[in-house]
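I opened a new notebook page for this model.

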Amino acid sequence: MGSREEILVEVGQHKSEDDSWMVINGTVWDITGFAPRHPGGADIIREYFGRDASEIYNELHGPALVANHLGEGKRIGVLCKSSADESSSTRSSTNVATQSVEKPSLQSIVNLYDFEAVARETLSARAWAYFSGATNDCFTAAMNIDWYARILFRPRVLTGLKEVDSSTTILEHKYSLPIFNAPASMAKLAHPDGELALARATAGAGTTIIAPTMASFSIEEIVDALPPHHPFFFQLYVNKDRSVTEELLESVCKLKPRAIMVTVDLPVLSKRESNERYEIGVAQKTASKGATGVKGKAQARSASNAIEPNVQWKDIRWIKEATGVPIFIKGIQCAMDARLAYENGCAGIYLSNHGGRAVDTAPPSLLTLLEIQANCPEILEKMEVFIDGGIRRGTDVLKAICLGASAVCLGRPFFYALGYGQEGVEHALGILKDELETAMLLVGITSLDQAHPGLLITADVDRYIYQGEGHPFAKHISRSRL
């Protein structure tokens, strides 16, 4: 190839849908046809046709991810090194923090809310908008947290307490804690090591990672961060292009996941106003500099462009047959769908409203668990049950287990802890373990298999639990039209 300047001029000439190049960390890639397949949406890829995308790439992705998605056959060549190249490869770390605020020592962090307070002051504006935001007025996000406090304990005494054991067995594998990460994307916004740090921390605590489809690193890199033969789970978004999903599943299954968790509660990306305000601000600043800028609202929701909205039970059966791996349905929000998951051969259900990021005013996940207890409790004995949304204390973990959950998952708290890297997530898990085991002893049990609903008072929320599929009294109205 020619000089650096000549190459950059040539890159700028390849900026159409059917002929597009991009520069990432000094390497020129042919990205023709990739935009519609991009897991994060096509708009951001089109924005950088014929341009250097190193800065925004490094903020979100690990260095090897581009080759993993495109393949070495799409590598055009390498630019000559310059000081600009060297600085671009390190920008991601500077983008993580908004200001030079010194973090308190980990030893001063005594609960998960402390991590959130630190994150609010130290994360970038983009990271805080993404992590903390939820749909519309954020009612469901708030209820997820608040409703745990509405359920009370009924402690027993003189039960003969000795050693406490907070371990659990899921799909025939024993874990030291019933606590996993909720598989949210863009962990690199919190720390340069992203999911690699999450994998190392969870494995070190005796649990494991649920690796997301839209991770900052490839699934191979994430699994390599785990000890050899350590179990892991994989979260799947079904892509609009069936061949993309088939290729992804083939790669994942070679690594032998314990289960695949298919996310089904987000057929379209919801209105997340904190994200939209951030993206609108970026677009306005970009436009003021005379550069091309995607519209803020469109960019905030562009990730959903690659997700198949028309996933049905037949697709779940296809995934199960194609992989031979246990399947969980992630995004269960009512008892009827929980029963259907069992009837369609799923090994587990994952109760979730996407952390309040699906439809706002959907029920908190804890209420969904109670609804299953009221309508089809038998499936709780036949399937694994994961739950996320609002878990901030060890007492919350124990309440979920008492009501029939196999394990809980945390999203935002672990991302906030990830601001401290692997050590932060390890510290968060240690806090939860201590709180859980203390709560177990205080209610009179020494192992999680002794947890049961009789240890709880749910009267404050019982009136919200529906029996059956329909409304208790309201009827569907079908008006005749003359």
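Which helix does Thr323 lie in? I looked it up: Thr323 belongs to helix 15, which covers residues 313-323. I note here that the model is predicted.

**Entry: burial of Thr323.** I checked the accessible area next. Thr323 has a relative accessible area of 16%. Buried means under 20%, so Thr323 counts as buried.

**Entry: contacts of Thr323.** I left aside neighbours within four places in sequence. Thr323 then touches Leu249, Cys253 and Ile260. I also looked for a polar partner. A polar atom of the Thr323 side chain sits 3.2 Å from the backbone nitrogen of Val325.

**Entry: helix 12 against helix 15.** I turned to the helix pair. Helix 12 spans residues 242-254. Its axis and that of helix 15 come within 11 Å and cross at roughly 40°. Helix 12 is therefore oblique to helix 15. I recorded the crossing as right-handed. On the helix 12 side, I listed Arg242, Thr245, Glu246, Leu249 and Cys253 as making the contact. From helix 15 come Asp315, Trp318, Ile319 and Thr323.

**Entry: the whole chain.** How many helices and strands are there in the chain? I found 21 helices and 17 strands. The chain has 482 residues, and 52% of them are buried. I then took contacts between residues at least 6 apart in sequence. Of these, 74% join residues at least 24 apart. Last, I noted the accessible surface of the chain, about 21800 Å². Carbon and sulfur atoms account for 51% of that surface.

Terms used
Residues numbered from 1 in each chain as written. Predicted model: local features only at pLDDT ≥ 70, side-chain atom pairs only at ≥ 80, totals over all residues. Heavy atoms only, no water. Helix = DSSP H or I, 4+ residues; strand = E, 2+ residues; numbered from the N terminus. Buried < 20%, exposed > 50% of the residue type's maximum accessible area, 1.4 Å probe, protein only. Contact = heavy atoms within 4.5 Å. Areas by Shrake-Rupley, 256 points an atom, 1.4 Å probe, with all protein chains shown as cover. Polar contact = N/O pair within 3.5 Å; in protein donor to acceptor, adjacent residues only side chain to side chain. Axes fitted to C-alpha atoms, helices over the stretch in contact; angles between N-to-C directions. Parallel < 35°, antiparallel > 145°, perpendicular 65-115°, else oblique. Left-handed = near helix turned anticlockwise from the far one by under 90°.
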